[in-house]
Amino acid sequence: MKIKIALAGNPNCGKTTLFNELTGSRQHVGNWPGVTVDKKEGIYKKDKEVSILDLPGIYSLSPYSAEEIVARDYIVKEKPDIVVNIVDGTSIERNLYLTLQIMETGIPMVIAVNMMDEVESRGDKIDCNQLSSLLGVPVLPMVARSGKGMKEVMDMAISLTGTQKKSSIGNIYSPAIKKAISEIEGLLSDKNEEDRKWKAIKLVEGDEIVQSNISGSEKSKIDAIIADVAKEEGDVEAKIADLRYKHIAVMVRKAVKKKSGHLETVSDKIDRVLTNRVFALPIFALIMYLIFSITFGETVLKFIPGPGVWLQTVVTDFWDGPLSEFIISGLENLGAAQWTVSLVGDGVLAGLGGVISFLPQILVLFLLLSFLEDSGYMARVAFVMDRVFRKFGLTGKSFIPLLMGFGCSVPAIMASRTLDSDKDRKLTMMITPFMSCGAKLPIYMMFAVTLFRDINSVWLVLGIYFLGLGVAIISGIILSKTIFKGANSNFIMELPQYRIPTLKSVLIHGWEKLKGFVIRAGTVIFASTVLIWLLSRFTFGFQYLPEVEMGRSILATLGKAVKWIFIPLGFGNDWRPVVGTITGFIAKENIVATFGVLFHAAEGAADLAMAGEAAIPGVADVFSRVSSVSYMAFNLLCMPCFAAVGALKKEMGTWKWTFKAVLFQMLTAYVVALLIFQIGNLIF
Amino acid sequence: MTLRDLKPGQEGTVESIGVSGSLKRRIMDMGVTPGTIIKVIKVAPLGDPIEVNIRGYELSLRKDEAAQIVVK
């Protein structure tokens, strides 16, 4: 006999902490159909028959954001057995606004007032029993972080399932509005009384989605009633919100005692430093530096070994070593054909290995960023950076994803989920790959040691990084005025209290993000890796080729056929750059390895080139300084590696948008590389 | 006078909200309703957005969004 419990509440109310405590590892993150909103479901640790759904954090049940629509549709249509509404005791008035709206749906409810420890340390008092009798719904105190009160809440929720007691809101609206609501109720045909009541309220509120579902015959009558109310009350939507808050204020006066005066909390004190006019940006720079060095650095602060790199070494050593050897020798012992061994070894294992190798660092990055997000600091970063980003058609919330792009596009694209406006999210994702990721660096190092020996490679690398940055800024401006023109986004954002996240939450948060990516983007990566391998190791006659003979493969032939497209960019006279770029789609640093093969370099030459120590002979004959910059620019800006495209598809939601993004990137890459070569040749 | 005109440390009472549609709804959902006391806490280091205290919590909004909120 399965019981379905839904958790609902504002963002930052501790709902997810509660969810993690209740379900532990028995949780699963999927997607609500049709939208890029996480669907988190789990089983109650203490009772397998109870399933818990963590609804997205919302401030209201309005029809304006995907999260709100998902939550209200679930409550109203799927009707869980009971809703546990988590209310943040430190901002109780705003939290109760959602509570009232959930009560209007008529669904059975239990309210858990969370963060009671913080309430107490502020010197405030919340009388849960009083609140309960005012609302007509059980109200219990809780501290989700420590688990205090959780069992009582769950026991209450479970005990109420199956009882007929439904929540309702009672008498808070004006006579005119109440009259309109009951008149409309009489006209609706839903079987369920609660559904009629809820829809009636929403219709008077002017809810567009409910309105669009009203069919012909009753529509005109309903419209007339709404028009009448508007004549009497003016802006009905505003009036209803106002009346709800007035009712809340009355209840809060009775049940909540606030310590007088606006005392500075610890959180306020921290905030004064972190968003200080002078210190905010330097502090932020320091924090980001630490994050990057923990994730990507060989050492942190010069003497602690970098955890990200360490973890990566452990994983890749295992993958390239014992695992690969085991599989390959197993195949060979079974007498598998050469091409099969190569498909598995050079194709699948190597290709996947390239992707697997950055997963450990992505996990570390996710954990660190989850920590920052859950602590409340991320909101401040967006707050500080917003002014700058608005100039480029973006928002302050785009800063973290774009910054992460300098490490790796994959987590950067996934981080853009924190942007709540669809337009901001898509735009940010489209330009994130322009931030030169870590895998592109070996390409620059190779050209630096081959053609730019006389200047310090730092200048070349910095130049390319700034080129990427510049293209991103200009793209942001152009795209926000064209494809994304008119789409509005606002910056009305809660700045939550600073809190230390629980280790459990951070771990679960980070791990779930990683799992989600691997499962969804994994198929894209796998398929494309195998495809490229096939094209590069077979001739048109389906003859298998050893790696050194890649020059006779389908891929090489294709390269020879299309190389002319790149003549205006300076690298179209030879087929090898094109092939390099294509292998770069598996992992950008592959370009150097491919050059090593196609230019018949000695074993290990590619590795030396990637480190910027020795040139690959022959490359200097195919590229001039100008055309090498053009080539580097092209590879910087064109479609990112398949892993990133996989992430893009997951976050964009549709192939249509993924295609648009990739097309945009390819066009930008072509135009910029063209300009660099043509203008570069005139100058140098 | 609008919220935009208030300086850090000043507070006012919300009179009305200028915009309509989803922006207005959002502003009201966050507790900015006529009769509410709203206090400006600070301005971001680069000049925009601003942070206000309302109904016991901190909210950020851009200056052009604040300009839509009439206060006295």
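Of the 72 residues of chain B, 49% count as buried (20 or more other C-beta atoms within 10 Å of the residue's own, with C-beta atoms placed from the backbone). The model is predicted: local features need pLDDT of at least 70, side-chain atom pairs count only at pLDDT 80 or more, and totals for chains, interfaces and linings use all residues. Residues are numbered from 1 along each chain as its sequence is written, while chains are lettered from A and ligands numbered from 1 in the order in which they are written.

Chain B holds two helices and five strands. These are DSSP runs (helices H or I, at least four residues; strands E, at least two), numbered from the N terminus. Their order from the N terminus is β-α-β-β-β-α-β. The radius of gyration of chain B, 11 Å, is close to the 11 Å of the globule rule for 72 residues, so the chain is as compact as a globular protein of that length. The radius is taken over C-alpha atoms, and the rule is 2.2 Å times the number of residues to the power 0.38. The C-alpha trace of chain B spans about 30 × 25 × 20 Å along its principal axes. Contacts require C-beta atoms, placed from the backbone, to lie within 7 Å. Among those in chain B between residues at least 6 apart in sequence, 53% join residues at least 24 apart.

Chain B meets chain A through 28 residues, and 28 residues of chain A are in contact with them. At least two residues each come from α1 and β4 (57-61) of chain B. Helix α1(B) gives the largest share, seven residues. By class, this side of chain B has 12 nonpolar, six polar and 10 charged residues. Here Ala, Val, Leu, Ile, Met, Phe, Trp, Tyr, Cys and Pro count as nonpolar, Asp, Glu, Lys and Arg as charged, and the others, Gly among them, as polar.

Helix α1(B) covers residues 22-29, of which Arg25(B), Arg26(B), Ile27(B), Met28(B) and Asp29(B) are buried. The buried residues of α1(B) pack against α3 and α11 (236-255) of chain A, and against β1 (11-17) and β5 (69-71) of chain B. Just after α1(B), Gly31(B) adopts a positive phi of about 100°.

Strand β4(B) also pairs with β12 (493-494) of chain A, antiparallel and over two bridges. Pairing requires at least two DSSP bridges between the strands. Met493(A) stands opposite Ser60(B).

Note on methods:
Buried ≥ 20, exposed ≤ 12 C-beta atoms within 10 Å, placed from the backbone. Contact = placed C-beta atoms within 7 Å.
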